[in-house]
Amino acid sequence: MSASLETPAASVPMQQTNRRAGKLRRGVRSLLKSKTGTLGLLIIVAITFMAVFAGQLAPQDPAKQNVAQRLKPPMWLEGGKPDFPLGTDNLGRDILSRIIYGSQVSLLVGICSVIIAGLIGVFLGLVSGYFGGWIDMVIMRIVDAFLAIPNILFTLVILSVLGPGLVTLILVLGITNWTNYARIVRGEVLSIKERDFVRAARSVGARDARIIFTHILPNVVSSFIVISTLSVATTIILEASLSFLGLGIQPPTVSWGGMLSDGRDYVATSWWIATFPGLAITLTVLGIIFLGDWLRDVLDPRMKQNGK
Amino acid sequence: MNQTRKSAQPLLEVKGLKKYFPFKRGPFSRQVGHVRAVDGLDFTVYRGETLGIVGESGCGKSTAGQLIMQLLEPTEGEIWFEGRNLSALSKEEVRRTRRDLQIIFQDPYSSLNPRMRVADIIAEPLKVHGLHKGAELTQRVAELLHLVGLGEHHLHRHPHEFSGGQRQRIGIARALALNPKLIICDEPVSALDVSIQSQILNLLKKLQKELQLTYIFIAHGLPAVKHISDRIAVMYLGKIVELADRDSLFANPLHPYTQALLAAVPVPDPTKRKERIILQGDLPNPANPPAGCHFHTRCPHVQEICRSKPPVLQSHAEGHLVSCHFPVHEKVPD
């Protein structure tokens with residue numbers, strides 16, 4: 001068998017120096033090819049931009065109350081004012097400005113706590129699945145214990161003991177949500193570690209750490225991305241419920257979740273108070289899911305080739 | 001041939017090797033028994049030879065390979081490699097010994113990490129043992145690729161871009177990277193197309209000659225090992241039933257099981273009709289092997305003694321070992 005006959009396309013040797021640049025270009029090209037991926041990226045970039053430049057972008061002070069202007073509808077409706085493009089809430093605060101400022105907290109809480117949960121969960125899942133035995137037993141019993149307590153109850157207890165705050169909130173949400181990652185990663189590891197390439201790595205003398213991090217971890221990345229993108233969404237919503245219960249982000253800091261709960265009493269009469277932050281959450285979550293889907297595909301060498 | 005082997009030095013000696021897998025059942029994972037995957041293996045592999053191990057699925061041949069590779073811990077028995085008992089070595093010493101012992105796997109689709117590039121797959125053994133660095137490493141990897149008939153343009157590709165035969169070549173290159181002395185070939189061609197099989201076999205033969213390799217070649221049928229092996233061991237239910245030179249095994253099989261295996265080999269000549277020996281029944285459950293000779297439930301020549309007394313693997317002719325109370329060429333009393 002002449003190898004070059006089987007793959008005529010490979011007759012042009014790829015230059016080592018061009019490889020990195022080529023990889024980047026390929027990545028960008030495949031992103032543009034994926035419509036949802038591009039859309040997701042646009043949404044996330046826009047929201048991040050909004051969060052970073054909130055001070056410059058917001059037309060009003062998000063905390064400034066103006067009772068004279070309370071419950072104004074969005075500007076395109078009768079009674080709306082161009083000063084308040086998306087209307088005002090029950091205290092006369094500008095909803096657009098509050099959404100812009102709220103993106104800071106929501107993104108921070110959503111993404112940071114997912115990262116914390118992911119780090120803990122993936123690490124424990126890898127260790128548990130790879131080593132098995134009593135280590136696995138102990139870790140999985142801890143997971144069971146966490147699953148037995150309703151997340152929201154657990155979060156409430158910790159937050160009421162430690163007192164609400166941005167950092168505590170992120171930590172608590174991270175610590176309560178790692179179990180999902182641990183269980184799913186463990187399951188994947190159990191099947192991957194029986195594959196021959198792991199045996200082969202052991203045969204050539206690779207140590208456990210190398211096997212876990214260079215052979216097993218890259219093969220669980222796609223499940224991690226899928227869970228974590230969905231998890232960003234649930235975390236933003238969980239933050240909303242906590243704010244609603246008064247243990248989330250404390251005023252005057254604005255969060256989308258807090259805005260949702262503010263608008264709850266007025267849904268029947270002033271729908272815009274709850275609707276716009278709700279839309280913002282939906283859009284962010286969609287963006288993250290789209291981006292995650294694309295990322296999962298692009299990180300898989302098998303999919304990359306198909307997109308050619 | 002026999003004479004040269006006499007003077008040849010043993011590279012690997014397996015003594016009384018056993019591997020029992022426990023199986024558990026019930027709500028409290030009570031251990032209810034064990035599967036005797038490998039049930040007392042004794043054999044020697046000499047430098048430069050190829051020992052074929054043949055047997056049907058579940059006879060323990062792959063388990064034996066993994067035991068020798070130290071991928072599984074033996075329940076009992078010893079594996080001596082170059083005069084050192086592998087089971088007695090520390091974890092770190094075993095890791096160093098791996099440079100001399102390598103394995104080629106059956107399924108080339110599962111033996112290569114789908115997320116790694118060919119260059120990284122082949123370089124891994126070298127990196128793990130810190131053997132080469134930088135440009136030297138790249139050069140050695142390219143050299144290995146050439147050795148197995150692939151080119152440098154394959155370096156930056158992922159496994160899914162290759163055919164089964166090419167993947168198996170990559171697996172062979174990885175096994176060669178550390179300049180091993182012994183390579184265990186665990187059915188390296190049975191997952192490949194027939195047309196590719198002979199290419200891989202020829203490659204393995206060529207490499208053996210060039211690099212003075214010793215092979216343990218595991219396969220499930222005799223034809224697969226015929227062309228590559230010097231000696232052949234036939235396994236049944238975790239034990240060797242016959243071990244002989246290739247030629248004497250094919251010309252003069254002594255164990256009824258070997259006979260049946262040989263009779264199952266199709267002959268591409270319609271005028272030559274062989275007597276077919278069709279074994280009755282299935283492979284017995286290795287968790288509960290039959291008493292006496294393990295083969296008695298399916299043996300066409302079974303006698304009373306076979307049901308109670310297990311036969312011993314003993315020399316029957318020069319270098320021809322068989323484990324049977326009534327080796328076939330002696331006519332069994334009717």
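Over how many bridges do strand 1 and strand 2 of chain B pair, and in the parallel or the antiparallel sense? The two strands pair in the antiparallel sense over 13 bridges. The model discussed here is predicted.

**Chain A**

- Chain A contains 14 helices and 0 strands, so that its elements, read from the N terminus, run α-α-α-α-α-α-α-α-α-α-α-α-α-α.
- Of the 308 residues in chain A, 37% are buried.
- Among the contacts of chain A with a separation of 6 or more, 69% join residues 24 or more positions apart.

**Helix 9 of chain A**

- Helix 9 of chain A covers residues 178-192, which makes 15 residues, and at 1.5 Å a residue it should span 21 Å. Its end C-alpha atoms are 21 Å apart, which agrees with that expectation.
- The buried residues of this helix are A:Trp178, A:Thr179, A:Asn180, A:Tyr181, A:Ala182, A:Arg183, A:Val185, A:Arg186, A:Glu188 and A:Val189.
- The cover over these buried residues includes helix 5 (95-131), helix 6 (133-148), helix 8 (166-176) and helix 11 (208-244) of chain A.

**Contact between the chains**

- The contact takes 27 residues from chain A and 34 residues from chain B.
- On the side of chain B that touches chain A, the elements that give two or more residues are strand 6 (101-104), helix 4 (118-128) and helix 6 (164-176) of chain B.
- The residues on that side of chain B comprise 10 nonpolar, 16 polar and 8 charged.

**Domains of chain B**

- The domain assignment divides chain B into domain 1 (2-25 + 32-100 + 180-322) and domain 2 (116-179).
- The centres of the two domains, taken over C-alpha atoms, are separated by 29 Å.
- Where the domains of chain B meet, 12 residues of domain 1 are in contact with 11 residues of domain 2.
- Helix 7 (residues 194-211) of chain B supplies the largest share of the domain 1 side, namely 5 residues.
- By class, the domain 1 side of this contact has 9 nonpolar, 1 polar and 2 charged residues.

**The four-stranded sheet of chain B**

- An open sheet of chain B is formed by 4 strands in the order 2-1-4-5, with antiparallel pairing.
- Strand 2 (30-46) and strand 5 (84-85) of chain B are the edge strands, and each pairs on one side only.
- In the pairing of strand 1 with strand 2 of chain B, B:Leu17 stands opposite B:Leu41 of strand 2.
- Helix 2 (residues 61-68) of chain B lies across strand 1, strand 2 and strand 4 (76-81) of chain B, and runs at about 115° to strand 1.

**B:Gly16 in strand 1 of chain B**

- B:Gly16 is found in strand 1 (residues 10-25) of chain B.
- Is B:Gly16 buried or exposed? B:Gly16 is exposed, because 12 other C-beta atoms lie within 10 Å and a residue with 12 or fewer counts as exposed.
- Leaving aside residues up to four places away in sequence, B:Gly16 touches B:Gly40, B:Asp42, B:Glu76, B:Gly77 and B:Glu78.
- B:Gly16 and B:Asp42 are 26 residues apart along the chain, yet their C-alpha atoms are separated by 5.4 Å.

**The eight-stranded sheet of chain B**

- A further open sheet of chain B has 8 strands in the order 6-7-8-3-9-10-12-11, with mixed pairing.
- Strand 6 and strand 11 (314-317) of chain B stand at the edges with a single partner strand each, so one side of each has no neighbour in the sheet.
- On average, neighbouring strands of this sheet are turned by 25° against each other, direction ignored.
- Strand 9 (residues 231-236) and strand 10 (residues 239-245) of chain B pair in the antiparallel sense over 6 bridges, and B:Arg231 stands opposite B:Asp245 in strand 10.

**Strand 7 of chain B**

- In strand 7 (residues 182-186) of chain B, 5 of its 5 residues are buried.
- Both faces of strand 7 of chain B are covered, with B:Leu182, B:Ile184 and B:Asp186 on one side and B:Ile183 and B:Cys185 on the other.
- Strand 7 of chain B pairs with strand 6 in the parallel sense over 4 bridges, and B:Ile183 is the bridge partner of B:Gln102.
- Strand 7 of chain B also runs parallel to strand 8 (residues 214-219), to which 5 bridges join it; here B:Ile184 has B:Ile216 as its bridge partner.

Terms used
Residues numbered from 1 in each chain as written. Chains lettered and ligands numbered in written order. Predicted model: local features only at pLDDT ≥ 70, side-chain atom pairs only at ≥ 80, totals over all residues. Expected span 1.5 Å × (residues − 1). Buried ≥ 20, exposed ≤ 12 C-beta atoms within 10 Å, placed from the backbone. Contact = placed C-beta atoms within 7 Å. Nonpolar A, V, L, I, M, F, W, Y, C, P; charged D, E, K, R; others polar. Domains from an automatic or database assignment. Pairing = 2+ DSSP bridges. Axes fitted to C-alpha atoms, helices over the stretch in contact; angles between N-to-C directions.
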